[in-house]
Amino acid sequence: MASIGSLPFMIETKTESSLLLHSNNNRLLRFPFFTHRPGRSIEVTGINAEVVGMCSRQINWCTKGKLWKIEPLRVTGKVSVEGEDGGEPEDALRATIEKSKKVLAMQRDLLQQIAERRKLASSIQSTSINQEEDKASFEQGNDPFPNVESSSTSGDDTVEDQIGSIASSSYGDSTEDKELETVASAVSRGFNKIEKDHGEPLPLNKAPSEVESTKHVNKTSSKTEWSDALPSFISTTAETSTPIDEELVDLKEPSLEEVNNWETDLMSEDIKSPPLAGANVMNVILVAAECAPWSKTGGLGDVAGALPKALARRGHRVMVVAPLYGDYAEPQYSGIRKIYKVDGQDLEVAYFHAFIDGVDFVFIECPMFRHMGHNIYGGKREDILKRMALFCKAAVEVPWHVPCGGVCYGDGNLVFIANDWHTALLPVYLKAYYRDNGLMTYTRSILVIHNIAHQGRGPVADFSYVDLPGHYLDLFKLYDPVGGEHFNIFAAGLKTADRVVTVSHGYAWEVKTVEGGWGLHGIINENDWKFKGIVNGIDTQEWNPQLDVYLTSDGYTNYSLATLQTGKPQCKAALQKELGLPIREDVPVIGFIGRLDQQKGVDLIAEAIPWMMGQDVQLIMLGSGRPDLEQMLKEFEHQHRDKVRGWVGFSVQTAHRITAGADILLMPSRFEPCGLNQLYAMNYGTIPVVHAVGGLRDTVQPFNPYDESGLGWTFDSAEAGKLIHALGNCFLTYREYKKSWEGIQRRGMTQDLSWDHAAQNYEEVLVAAKYQW
Ligand SMILES: Nc1ncnc2c1ncn2[C@@H]1O[C@H](COP(=O)(O)OP(=O)(O)O[C@H]2O[C@H](CO)[C@@H](O)[C@H](O)[C@H]2O)[C@@H](O)[C@H]1O
């Protein structure tokens, strides 16, 4: 057993969300929350480990009591450690140096190619300009070759095309170019980290204006660090390795000086080249009552854990703020404490911080939140309201008080993303406490609707809990035939936020209708101009059959599209075994995962159970929520022990295993703003059968046997008969049309379901909010 000793440094990985360690028996070990916590140790089974990632500083690696050092470099290949069979630490260092030599050599080759191509491009360009000049001169009657036919326009096009293609091939997708791109982004990430690692923490309790001025000072200092850091990234490695220097000297053709110049050219290009977000780079703070993996009751937690990382990949500085419900391993106490008044009571909060996958995670600690992780929205109405009021008050000031990596976000160029009614008070506080008083003038807020059915409703008297000036009451007051005149937090948030987003296009349409708006359709229609639907993505590290950590034991296995035909049946058998169902490959296994409430259409499954049980199928249901529905799940299992398992509870591991082991995922939701489980299912080659509503309609194109297109089966109204019809067709295809089945699986697995596209759409909303007055 080799073990990596304390790793007091951040490691950014190529795969974005975690440190990946491959052991020599090909087991993939992931450490999703790997962070710079001194003293943390990681065990790796196997000796020859591969670190895929980038070490921004030296790593100390302990094997059998010996200390090994890995110098700063971008590691892309194997780092061989021969600790157990007597290898010396120097060998590891040697291997590391060899690796860095290769990387440097590759960079030099690439730089050389780029320089050559540039020369070629500019010579063609000048030829083209000459030709243009010649042509102009010819048109003026000065034909230099009066006896030769003038070159055609298409000839000019050809030259332009050449320039275009040369230019694009210089920066195109050759392997080396990708390598270069990775280096560039690694370097720019390095900048962020350096800023974070070395930035001076701000003095506590700074006034906003002081924070603002400190921010500028820090900006300047980080620029200096940038220029210092850049060469050291390359040269530190070189310094530790004489052979690399020798190799540099060996490169007479072109000379070292030239290479260095090219490097400088390239690096200055990198400095100039903007991040994906370009000039739109902003400070973004997503505020949510839950954030996976620390806290999760449903899809909101998943979104809060994943969308910020995608925004950070686009170059934004991104923070997530969530309550601290338990003892989380990663966040560290920031040393900042503040007192906020809620319902007349002074409540002290402490801020905790972790920097993971390019995102600052700030957790707000207060006795009110402690141990509420399994009951986030539980308790008396007033208590929930007070928790959320405190959370929003404390969250809105995070950019002033919490020095993430040494530098506070400040309130310029800042956009908050609030989520659902729980944080819908944040846009209101931003306006009432700050913007109305000339503070946070450049800060904007976006409110995301994940589920409009929950609104933070109460009697009008609840207004006293939110501590706002009296004239704000009207924002909260809503009349509807069900509740009469009442207090509605979502209503106030929707009116106050600069922009509103919901999680699919279908749902964006539905919430404007009487049926789908749950009383808020009027307000949404009035604010239509600031409203947009953006389909959620998925975290392709967490929900990926190739990397899924829950598929590495108990007979499960990781699989990909290439190994689908063996890997998925193995997971299916493991699932059947784990749950005590007959282990049979030929029986279709139907999965259901979800909160047990009216939304998810569990009652439709109940109605369809008699028909289903007449089929040769297995049904596995995982859920928690309404006690009567939990009881129903248990009864299904009790009545059909050979075919049904009803797992009552919340188990992330079981959710992953059902997604991998089931053939079909059933989602008969009565409404579904987006739905994530169908997206996860498709990524695992599990075919969704869904009620075509909201995001389910947007994301599951129905299978068409005539042209072999589509991703699953849909039914157009929430009726058991329709569900049965869709399932019947699905079973038929499963049994009789294997090729079609595989085609659906393949299409599902090859979609780009990542957050990257959604993040780009969110960016448009951020920009729109920023320029809105
Ligand atoms: N018992 C259990 N054990 C383990 N895991 C469980 C579980 N029950 C549910 N989950 C997990 O919770 C998540 C549920 O996400 P969904 O998007 O399907 O629904 P939810 O209605 O909570 O989210 C709302 O917000 C999201 C995000 O915007 C929208 O997609 C959705 O339509 C909207 O209703 C999934 O990750 C699922 O695996």
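Two strands count as paired here if DSSP finds at least two bridges between them, and I begin with that because it decides how we read the sheet in this predicted model. In general, the strands of a sheet pair through backbone hydrogen bonds, either parallel or antiparallel.

With that in hand, let us look at an open sheet of 3 strands, whose order is 17-19-18 and whose pairing is antiparallel. Strand 17, residues 457-458, and strand 18, residues 477-480, stand at the edges, and since each has a single partner strand, one side of each is left without a neighbour in the sheet. Strand 17 is joined to strand 19, residues 484-488, by 2 bridges, the two strands running antiparallel, and across that pairing Arg 457 stands opposite Asn 488 of strand 19. Helix 12, residues 489-496, packs on this sheet, where it touches strand 18 and strand 19, and its direction makes about 65° with that of strand 19.

Let me now turn to helix 17, which covers residues 602-613. Its 12 residues reach 16 Å from the first C-alpha to the last, close to the 16 Å expected at 1.5 Å a residue. Which residues of helix 17 are buried? They are Val 602, Leu 604, Ile 605, Ala 608, Ile 609, Met 612 and Met 613, and, seen down the helix axis, they fall within an arc of 160°, so they line one face of helix 17. The face turned away from that buried side carries Glu 607 and Pro 610, which are exposed.

As for what the buried residues of helix 17 pack against, their partners include strand 22 (589-596), strand 23 (618-625), helix 18 (627-639) and helix 22 (720-736).

How values were computed. Residues are numbered from 1 along each chain as its sequence is written. This is a predicted model: local features need pLDDT of at least 70, side-chain atom pairs count only at pLDDT 80 or more; totals for chains, interfaces and linings use all residues. Side-chain values use heavy atoms; hydrogens and water are left out. Helices (H or I, at least four residues) and strands (E, at least two) are DSSP runs, numbered from the N terminus. The expected span of a helix is 1.5 Å times one less than its number of residues. Buried means under 20% relative accessible area, exposed over 50%, partly exposed in between (1.4 Å probe, protein chains only). The arc is that of the directions from the helix axis to the C-beta atoms. Contact means heavy atoms within 4.5 Å. Axes are lines fitted to C-alpha atoms, for helices over the stretch in contact, and angles run from 0 to 180 degrees between N-to-C directions.
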